[in-house]
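Please keep the sequence and the structure in view while reading.

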Amino acid sequence: MNNLQDENEYYTVTLNLEEGDVECAVYTTFSLEEQEYIALLPLDENGDPTEDVYLYRYKDAGEDSEIENIDDEDELLAASEAFDEWLEEQELLMLDADE
């Protein structure tokens, strides 16, 4: 599920990090081995997504959805690889749509 809407309108979440609050666009959610993950893109001062991607565990509970840090390096690596595969699939879909 790709949650980026149009060029300047995004579903957003605010992360409360040690260095301060960071507003992020929700890029997508994806599953890996019965666990849901969310990919977030931090927004710059103009409200545009940066090229950074933040990955978190995701629990969809309607309006009370939660995200959790991924502390385990192996889990983070697996989630990163699954996200990369998802990106490649999206690129292929876009290529097919252009034909």
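**Basis of the description**

The model is predicted: local features need pLDDT of at least 70, side-chain atom pairs count only at pLDDT 80 or more, and totals for chains, interfaces and linings use all residues. Residues are numbered from 1 along each chain as its sequence is written, and side-chain values use heavy atoms, with hydrogens and water left out.

**Overall make-up**

The protein has seven strands and one helix. Read from the N terminus, the order of elements is β-β-β-β-β-β-β-α. Helices (H or I, at least four residues) and strands (E, at least two) are DSSP runs, numbered from the N terminus. Of the 99 residues, 28% count as buried; buried means under 20% relative accessible area, exposed over 50%, and partly exposed in between, with a 1.4 Å probe and protein chains only. The accessible surface comes to about 7200 Å², and carbon and sulfur atoms account for 42% of this area. Such areas come from the Shrake-Rupley method with a 1.4 Å probe, and for residues only the protein chains shown count as cover.

**The sheet**

Five strands form an open sheet in the order β3-β4-β5-β6-β7, with antiparallel pairing. Strands β3 and β7 (66-68) stand at the edges with a single partner strand each, so one side of each has no neighbour in the sheet. From one strand to the next, the twist averages 50 degrees; the axes are lines fitted to C-alpha atoms, and angles run from 0 to 180 degrees between N-to-C directions.

Two strands pair if DSSP finds at least two bridges between them. Strand β3 (residues 12-17) is joined to strand β4 (residues 20-32) by six bridges, and Thr 12 stands opposite Ala 25 in β4. These two strands, β3 and β4, form a hairpin with two residues between them. Strand β4 also pairs with β5 (residues 35-42), over eight bridges in the antiparallel sense. Here the bridge partner of Thr 28 is Ala 39 in β5. The hairpin of β4 and β5 likewise has two residues between the strands, and Glu 33 takes a positive phi near 50 degrees there.

**Arg 57**

Arg 57 is found in strand β6 (residues 54-59). Is this residue buried or exposed? Arg 57 has a relative accessible area of 19% and therefore counts as buried. Its side chain makes a polar contact of 2.8 Å with that of Glu 75. A polar contact is a pair of N or O atoms within 3.5 Å; within protein, one must be able to donate a hydrogen and the other to accept it, and residues adjacent in sequence count only if both atoms are side-chain atoms. Leaving aside residues up to four places away in sequence, Arg 57 touches several residues, including Tyr 37, Ile 67 and Glu 75, where contact means heavy atoms within 4.5 Å.

**Aromatic rings**

Rings of Phe, Tyr and Trp (its six-membered ring) pair if their centres lie within 6.5 Å; planes under 30 degrees apart count as stacked, over 60 as edge-to-face and the rest as tilted.

| Pair | Centre to centre | Angle between planes | Type |
|---|---|---|---|
| Tyr 27 and Phe 83 | 6.1 Å | 70 degrees | edge-to-face |
| Phe 30 and Phe 83 | 6.1 Å | 35 degrees | tilted |

Tyr 27 lies in β4 and Phe 83 in helix α1 (residues 73-98), so their pair ties together parts that are 56 residues apart in sequence. Phe 83 is buried at 5% relative accessibility, and Phe 30 is buried at 7%. Ring pairs link Tyr 27, Phe 30, Tyr 37, Phe 83 and Trp 86 into a cluster.
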